[in-house]
Amino acid sequence: MGKITENTTIFEALQINPNAGIILQQYGMHCLGCALAHGETVGEAAGVHGADLEELLDKLNDVE
């Protein structure tokens, strides 16, 4: 399994971490099924939604 970085697309993040959808929604990212999710990176989404990128990446990579 890969590590989620700021350059990982939302679509890839959802494949890497099964809980990514829930985590991203906690940061106001509710359109996970939209067309942008396939090409938008985690870093881009964090910027658009004003999320703390490092905090978000820590949570996305904390897979138990």
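Is glutamate 54 buried or exposed? Glutamate 54 is exposed, because its relative accessible area is 51% and exposed stands for over 50%, buried for under 20%, and partly exposed for what lies in between (1.4 Å probe, protein chains only). The model is a predicted one, in which local features need pLDDT of at least 70 and side-chain atom pairs count only at pLDDT 80 or more, whereas totals for chains, interfaces and linings use all residues. Residues are numbered from 1 along each chain as its sequence is written, and side-chain values use heavy atoms, with hydrogens and water left out.

The protein has 5 helices and 0 strands, and its elements follow one another from the N terminus as α-α-α-α-α; helices (H or I, at least four residues) and strands (E, at least two) are DSSP runs, numbered from the N terminus. Of its 64 residues, 38% count as buried. The protein exposes about 3900 Å², of which carbon and sulfur atoms supply 51%, the areas coming from the Shrake-Rupley method with a 1.4 Å probe. Among the contacts (heavy atoms within 4.5 Å) with a separation of 6 or more, 59% are between residues 24 or more positions apart.

Glutamate 54 lies in helix α5, residues 53–60, and belongs to a surface patch of negative charge that also holds Glu6, Asp52, Glu55, Asp58 and Asp62. Such a patch is made of residues with over 30% relative accessible area and no salt bridge, like charges being joined within 9 Å; a salt bridge is a side-chain nitrogen of Lys or Arg within 4 Å of a carboxyl oxygen of Asp or Glu. Asp and Glu count as negative, and the place of the charge is taken as CG of Asp or CD of Glu.

Methionine 29, in the loop between α2 (20–26) and α3 (35–39), is buried at 4% relative accessibility; leaving aside neighbours within four places in sequence, methionine 29 is in contact with Leu24, Ala45, Ala46, His49, Ala51 and Leu56. Alanine 20, in helix α2, is buried with a relative accessible area of 0%, and alanine 20 touches Ala13, Leu14 and Leu60 when residues up to four places away in sequence are not counted.

The table lists C-alpha separations that involve these residues.

| Pair | Separation in sequence | C-alpha distance |
|---|---|---|
| Isoleucine 10 and methionine 29 | 19 residues | 10.0 Å |
| Methionine 29 and alanine 46 | 17 residues | 8.6 Å |
| Alanine 20 and isoleucine 4 | 16 residues | 10.0 Å |

Conventions:
Patch = residues over 30% accessible without salt bridge, like charges linked within 9 Å, V, L, I, M, F, W, Y side chains within 5 Å.
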